[in-house]
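Me: I have a structure open and would like to go through it with you. Could we take it topic by topic?
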Amino acid sequence: MKHRLIAAILMSFGLSLLMSCWVTLINLGWSDSFVAQWMAAFRLAWPPAAILAFLLGPPAQILAGYLANRLPKFKGSKNDTDPQKL
C-alpha cells in the first residue's frame, strides 16, 4: 500500500507539472506571468491527479496485463518462451 501511494504521488506530480505547463503555454502563450499562471494551474491539478492515480492504478495495471497478453509475441523477444520456437 505504501509503495502504491508513493508511486501515485510521484507519477501524478510529474504528469501534473508537465501537463499544466503544456496546457498553460498553449492556452495563454509565453508572458511575464507565465510561471505564476502555470503554478496556479499545477496547484489545482495535482491533488485530483494524485487521487485518480491512486484509484485508477490497480485497474490500469490489470488492463495493461490483459492487453499485453492479447498482443502477439515478437519473434526473438525475451518474453518469448514458446519451446517450439527455441
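Predicted model: local features only at pLDDT ≥ 70, side-chain atom pairs only at ≥ 80, totals over all residues.

Me: Helices to begin with. At what angle do the axes of α1 and α2 cross?
Reply: The axes cross at roughly 140° and come within 6 Å of each other. Helix α1 covers residues 2-28, and helix α2 covers residues 34-70.

Me: Is the crossing of α1 and α2 left-handed or right-handed?
Reply: The crossing of these two helices is right-handed.

Me: And how do the residues of that contact divide?
Reply: The contact of α1 with α2 has 20 nonpolar residues, five polar ones and one charged one.

Me: Changing topic: what volume does the largest pocket have?
Reply: Its volume is about 190 Å³.

Me: Which elements give two or more residues to its lining?
Reply: Those elements are α1 and α2. The largest share, six residues, comes from α2.

Me: Which residues line the largest pocket?
Reply: Among them are His3, Arg4, Met11, Phe54, Pro58 and Gln61. By class, the lining has seven nonpolar, three polar and one charged residues.

Me: Now the rings. How many aromatic pairs does a search of the whole structure find?
Reply: The search finds five aromatic pairs. In the pair of Phe13 and Phe42, the ring centres are 5.5 Å apart and the planes lie at 90°, so this pair is edge-to-face.

Me: Where do Phe13 and Phe42 lie?
Reply: Phe13 is in helix α1 and Phe42 is in helix α2, so their pairing ties together parts that are 29 residues apart in sequence.

Notes: Residues numbered from 1 in each chain as written. Heavy atoms only, no water. Axes fitted to C-alpha atoms, helices over the stretch in contact; angles between N-to-C directions. Helix = DSSP H or I, 4+ residues; strand = E, 2+ residues; numbered from the N terminus. Left-handed = near helix turned anticlockwise from the far one by under 90°. Nonpolar A, V, L, I, M, F, W, Y, C, P; charged D, E, K, R; others polar. 1 Å grid on protein atoms, 1.4 Å probe; cavity = no way out; pocket = protein on both sides within 12 Å on 5 of 7 lines; lining within 4 Å. Points joined across faces, edges and corners; volume = space filled by probe spheres on them. Phe/Tyr/Trp six-rings, centres within 6.5 Å; stacked < 30°, edge-to-face > 60°.
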